[in-house]
Amino acid sequence: MSEHMQIGEVARRIELSVRTVRHWDEVGLVTPSARSSGGFRLYTDDDVARLLLVRRMKPLEFTLAEMAEVLAASDTLTAGTGDVEAAAAVITAFRERADERCATLRKRLAYAEEFTELLARLESPSS
């Protein structure tokens with residue numbers, strides 16, 4: 001059994017705020033595996049892996065409902081029970097959407113890099 005971590009340690013490990021991790025628990029997205037006798041959230045490595053999956057979706061602007069859908073499909077595939085075909089289709093559809101959003105982000109990043117290069121040239125013009 002893996003060791004339990006408190007929310008602060010988890011937040012540091014996954015580079016998110018404690019507030020975000022709490023919010024994801026409150027909306028039922030990622031629930032900690034246990035609570036301490038004092039009521040503190042306690043997370044396992046598996047919980048951290050789920051949080052990381054959600055964190056990776058965040059920059060691609062997926063909604064909380066979409067994140068929950070991916071987690072449910074992932075759970076189905078991992079367990080190998082339920083409608084595995086439907087879960088695989090969900091994962092495929094989200095991968096395609098993620099690919100499209102990554103392409104959009106790459107384009108935006110290229111524009112941002114062009115802008116910083118322009119600023120650098122303006123900052124130190126050639127003589």
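1. Let's start with Leu-29. Leaving aside residues up to four places away in sequence, Leu-29 touches Trp-24, Arg-50, Val-54, Leu-64, Met-67, Ala-68 and Leu-71; contact here means heavy atoms within 4.5 Å. A word on the basis: this is a predicted model, where local features need pLDDT of at least 70 and side-chain atom pairs count only at pLDDT 80 or more, while totals for chains, interfaces and linings use all residues. Numbering runs from 1 along each chain as its sequence is written, and side-chain values use heavy atoms, with hydrogens and water left out.

2. Leu-29 also turns up in the largest nonpolar core, which has 23 residues; Val-10, Ile-14, Val-21, Leu-29, Leu-51, Val-54 and Phe-62 have the most contacts inside it. Helices α1 (7-14), α2 (18-26), α3 (45-57), α4 (64-79) and α5 (84-123) each supply at least two residues of this core, and the largest share, five residues, comes from α3. For the terms: a nonpolar core is a set of buried Ala, Val, Leu, Ile, Met, Phe, Trp, Tyr and Cys residues joined through side-chain atoms within 4.5 Å. Buried is under 20% relative accessible area, exposed over 50%, and partly exposed in between (1.4 Å probe, protein chains only). Helices (H or I, at least four residues) and strands (E, at least two) are DSSP runs numbered from the N terminus.

3. Now the aromatics: searching the whole structure gives one aromatic pair. The ring centres of Phe-62 and Phe-94 are 5.4 Å apart with planes at 55°, so the pair is tilted (centres within 6.5 Å; under 30 degrees is stacked, over 60 edge-to-face, the rest tilted; for Trp, the six-membered ring is used with those of Phe and Tyr). Phe-62 sits in the loop between α3 and α4 and Phe-94 in helix α5, 32 residues apart.

4. Both partners are worth a look for burial. Phe-62 counts as buried at 7% relative accessibility, and Phe-94 counts as buried at 8%.

5. On to helix packing. α1 and α2 pack at about 110°, their axes 9 Å apart (axes are lines fitted to C-alpha atoms, for helices over the stretch in contact; angles run from 0 to 180 degrees between N-to-C directions). Ile-7, Gly-8, Ala-11 and Ile-14 of α1 make the contact with Val-18, Val-21 and Arg-22 of α2.

6. Last, Asp-25, which lies in helix α2. At 10% relative accessibility, Asp-25 counts as buried. Not counting residues up to four places away in sequence, Asp-25 touches Val-30, Thr-31, Pro-32, Arg-35, Arg-41 and Tyr-43.
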